[in-house]
Amino acid sequence: MAIEWEVVIGLEIHAQLSTRSKIFSGSSTAFGASPNVQANLVDLGYPGVLPVLNAEAVRMAARFGLAIGAKVARRSVFARKNYFYPDLPKGYQISQYELPVVEDGSVDIVLDDGTRKTIGVTRAHLEEDAGKSLHEGLGARSGIDLNRAGTPLLEIVSEPDMRSAREAIAYMKKIHTLVRYLDICDGNMQEGSFRCDANVSVRHKGRHEYGTRCEIKNVNSFRFVEKAINHEVARQIDILEGGGSIVQETRLYDPDRNETRSMRSKEEANDYRYFPDPDLLPLVLEEAWIERVRSELPELPDEKAWRFVREYGLSEYDAGVLTASRELAAYYEATVTELGGEAKLAANWVMGDLSGFLNRDGLDITSSRVGAARLAGLLRRIVDATISGKIAKDVLEVMWNEDRGADAVIEARGLRQITDTAAIEQVIAGIMAANPQQLADYRSGKDKLFGFFVGQVMKATGGKANPGQVNDLLKKMLPG
Amino acid sequence: MSLHLKTAAELGRGIRAGEYSSGELTRHFLDRIGRGNERLNAFITVTPERALEDARRADATVAAGRGGALTGVPIAHKDIFCTDGILTTCGSKMLANFVSPYDATVVERLAAAGTVMLGKTNMDEFAMGSSNETSFYGPVRNPWDETRVPGGSSGGSAAAVAARLAPVATGTDTGGSIRQPAALTGLTGIKPTYGRVSRYGMIAFASSLDQGGVLAQSAEDAALVLEAMSGFDPRDSTSVDTPVPGYAGALDRPVKGLRIGIIREFFGDGLDPATGDAVQVALDIFRDLGIELVELSLPALPLSVPTYYVVAPAECSSNLSRFDGVRFGYRCDDPKDLLDLYTRSRGEGFGAEVKRRIMTGTYVLSAGYYDAYYLKAQKVRSLINEDFRRAFAEVDVLVGPTSPTPAFRLGAKVDDPVTMYLNDIYTIGANLAGLPALSAPCGLVEGLPVGLQVIGPHFAESRVLAVAHAYQRETDWHRRVPRAWA
């Protein structure tokens with residue numbers, strides 16, 4: 001019998017905190033400036049300069065900690081992680097080691113099949129980012145851009161609680177949602193504001209001890225996480241089933257070739273010689289300050305989703321989708337408010353057609369070309385049976401491209417629904433007369449032909465006939 | 001009396017009284033440096049243009065009636081303080097080409113007080129040394145006997161003031177680097193409480209121990225200059241946000257009835273008997289001043305040297321990582337690759353003592369050794385702190401020798417680091433505990449000065465200075481000048 005393997009995954013997420021200035025200096029953190037213009041003497045590690053902690057970064061870390069039900073440490077300590085690299089100006093990174101600012105929290109994830117699972121968050125600590133080494137376009141030389149050096153990061157370390165790549169993605173998405181709700185990270189993965197390393201191991205199902213793990217670096221999109229983890233799992237199982245053993249090492253994921261390759265083994269790993277940074281006093285947070293930060297927390301995604309289920313009667317899944325970002329949830333709620341109810345209808349349209357248009361055009365909900373009020377205007381015409389849902393799709397398409405309200409489009413294109421019973425009856429009668437064979441077949445028991453007649457009526461009315469009425473009238477008239 | 005024999009306080013008063021201008025004074029000291037520096041090697045960089053410009057500005061300030069106690073008074077800065085647009089070497093080949101793009105807070109504040117910068121003084125490389133022999137720029141000679149060391153690491157500042165090439169100078173003290181050279185050259189040197197003087201722009205050796213301070217001719221001068229350089233600095237997170245009392249104004253406060261603690265551990269085997277005798281004579285003077293002397297023991301204090309030689313190298317091994325040949329400072333020729341760039345730039349740029357401490361520090365922080373060395377040293381540091389805390393519950397200040405011997409000969413200890421390290425046996429405790437401590441001259445042993453150390457509780461600089469000032473009103477050791485430089 002084949003051995004059943006269990007996958008064990010833990011994630012380390014680096015969320016760049018959206019402070020205006022760096023964690024230990026006054027330089028700007030804006031992305032995309034020309035190299036080294038946003039690096040001052042502190043960022044450059046000049047002789048004699050000293051770090052001064054950015055209070056806003058601390059507040060953001062505390063917000064995160066409180067949002068995941070973690071302990072926000074009354075006293076935490078910055079430590080130096082020592083290693084040499086050209087993009088690390090001081091020869092050490094200021095991080096937190098033994099005493100992080102956030103410890104012991106958790107988040108809940110909901111899988112596609114509705115299963116709910118709690119993932120532990122071991123810790124989250126503050127640290128500074130390094131700069132970037134540039135190799136392209138410089139010939140045989142290497143360049144260094146220290147604009148990013150000193151950018152505040154919150155490193156969020158999970159427990160090894162995930163058992164599949166899908167769980168890992170769900171967790172990563174949850175954290176992504178959360179940091180954006182909290183306004184502490186813009187979540188932009190292309191610009192590297194939200195990065196992820198995955199610790200992956202496999203073990204025989206039922207075993208308690210973990211297998212030897214590998215750390216996969218550079219899994220910086222939701223798509224890559226799944227591919228990288230699945231690839232790594234397959235690689236490890238292959239080795240183990242071939243009688244080999246896993247070497248603890250750091251591996252780099254290459255999305256172009258969909259493979260991981262070894263960066264360094266445990267033996268080659270740096271001894272970082274962590275010790276408390278004597279330039280920074282221990283970070284002491286007063287209980288009253290922590291409570292103030294707690295009182296400033298926004299409604300969090302889980303609370304919001306529960307409220308959507310409760311107030312709007314949505315399914316847990318729909319509520320989860322609509323609360324995935326604060327902006328989407330706000331759009332949805334604005335639509336419902338404008339519409340004065342019909343929450344389920346609004347949910348279907350926001351998650352369905354509207355999201356379809358957004359995806360097609362690569363737009364974010366905040367830059368939707370049809371705002372919540374205009375969408376509500378369209379849905380109102382479905383509710384009052386002015387147009388059918390099918391026609392509404394066409395109207396939305398027009399609204400998407402032209403800055404007009406639903407009513408104007410309906411009027412201009414003559415899309416108003418036919419609800420006059422006599423008019424529909426007349427159309428049906430004509431169709432019955434034109435299709436004697438199909439009518440005969442239907443009457444002799446071929447029920448499936450009902451759809452054919454519906455289609456013919458809709459075609460004849462340009463889709464404008466009220467579908468409910470068409471159904472009712474056909475049922476009455478077809479049997480003869 | 002010649003201008004250079006006046007104290008900084010006297011010079012400031014003279015300028016304000018119109019007896020001489022800052023320009024005259026500055027030219028006088030620049031002239032002395034020009035004639036004397038070659039013998040002493042006290043300055044790495046002399047900044048005559050800057051000095052004369054500072055002096056012009058000071059004279060204008062005085063003319064406008066806005067002069068303060070230090071307006072127009074020349075000063076020399078230890079070359080560990082960054083000075084905007086001026087070479088800042090830290091005594092190292094590594095920074096032999098480093099022109100700082102900014103001023104240290106200390107430099108900025110003393111400029112704002114109207115002082116005139118004469119130049120940058122020689123020092124042990126990165127402040128690592130007790131004899132000024134580790135400097136890339138060569139050793140400094142002691143004005144009292146040019147075959148002897150001036151002490152270190154602020155040896156250039158000490159020699160410059162002792163030879164009256166400058167009326168006063170800044171220094172830094174990580175394990176005794178102000179007090180020991182002050183003792184060995186007959187000066188009054190003060191290291192304030194950790195956090196009192198901003199470390200911003202002071203090139204770090206051991207961040208939890210480094211403090212800026214003053215090498216001066218008297219407690220009064222030390223008080224004036226310390227007052228001007230002290231105070232909260234938002235750019236240094238370890239700087240303390242409490243007001244700076246007027247040190248100079250508190251000099252005359254009564255010392256009668258104070259209790260002085262005599263640290264038993266400071267009078268043991270290692271102490272040169274003649275030096276010990278000089279300190280005993282000073283104690284008699286304190287008794288005559290109505291001060292009560294109490295002998296007490298600080299049992300953990302003898303552990304301060306080994307503790308220091310774990311903590312300081314650990315911090316320095318990390319602090320000095322930024323000198324990597326990438327962004328500033330020395331870079332080796334034609335590096336083959338990154339590793340070659342690092343190893344040769346650092347191998348060629350740092351001297352032997354700095355390398356020794358980087359290696360020691362790297363070792364004590366390494367996986368598997370951290371607990372046994374670094375963590376244990378931190379625990380001992382707490383014990384030493386606790387000893388001082390208990391002592392200050394009983395007495396107002398602690399007194400003892402500053403250095404176990406007078407100045408030793410150049411080259412005498414360079415090959416024996418442990419003997420060299422033991423020079424700081426009496427001074428290191430105050431750094432580990434972050435306490436203010438001062439050394440004042442209390443005698444001559446075979447023509448060489450010896451120092452008396454006064455240690456106070458945290459932020460008791462005024463008390464320490466007042467005790468020294470009371471002593472200096474009764475004695476004239478602080479007014480002695482080496483004959484060759486009078």
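Modeller: Two residues count as in contact if their C-beta atoms, placed from the backbone, lie within 7 Å. The model is a predicted one. In it, the contact between the chains takes 34 residues from chain B and 25 residues from chain A.

Colleague: Which elements give two or more residues to the side of chain B that touches chain A?

Modeller: They are α9 (304-319), α10 (338-349) and α11 (352-365) of chain B. The largest share, 3 residues, comes from α9(B). By class, this side of chain B divides into 18 nonpolar, 9 polar and 7 charged residues.

Colleague: Why are α2(B) and α3(B) called roughly antiparallel?

Modeller: The axes of α2 (residues 22-40) and α3 (residues 48-63) of chain B cross at roughly 160 degrees and come within 8 Å. Angles over 145 degrees count as roughly antiparallel, and therefore α2(B) and α3(B) are roughly antiparallel to each other. Their crossing is right-handed.

Colleague: Which residues meet where α2(B) and α3(B) are in contact?

Modeller: From α2(B) come S22(B), G23(B), T26(B) and L30(B). On the α3(B) side are P48(B), A51(B), L52(B), A55(B), R56(B), A58(B) and D59(B).

Colleague: How do you know the classes of the residues in the contact of α2(B) with α3(B)?

Modeller: Asp and Arg count as charged, Ala, Leu and Pro as nonpolar, and Gly as polar. Counted that way, the contact has 6 nonpolar, 3 polar and 2 charged residues.

Colleague: What makes E342(A) partly exposed?

Modeller: E342(A) has 18 other C-beta atoms within 10 Å. Buried needs 20 or more, and exposed needs 12 or fewer, so E342(A) falls in between and is partly exposed. E342(A) lies in the loop between α7 (326-339) and α8 (343-361) of chain A. Phi of E342(A) is near 55 degrees, a positive value in a residue other than glycine.

Colleague: Is F459(B) buried, exposed or partly exposed, and what makes it so?

Modeller: F459(B) has 18 other C-beta atoms within 10 Å.

Colleague: What kind of peptide bond joins G152(B) and S153(B)?

Modeller: A cis bond, with omega about 10 degrees. S153(B) sits in the loop between β3 (116-121) and α5 (155-162) of chain B.

How values were computed. Residues are numbered from 1 along each chain as its sequence is written. Chains are lettered from A and ligands numbered from 1 in the order in which they are written. This is a predicted model: local features need pLDDT of at least 70, side-chain atom pairs count only at pLDDT 80 or more; totals for chains, interfaces and linings use all residues. Axes are lines fitted to C-alpha atoms, for helices over the stretch in contact, and angles run from 0 to 180 degrees between N-to-C directions. Helices (H or I, at least four residues) and strands (E, at least two) are DSSP runs, numbered from the N terminus. Angles under 35 degrees count as roughly parallel, over 145 as roughly antiparallel, 65 to 115 as roughly perpendicular and the rest as oblique. A crossing is left-handed if the near helix is turned anticlockwise from the far one by less than a right angle, and right-handed if clockwise.
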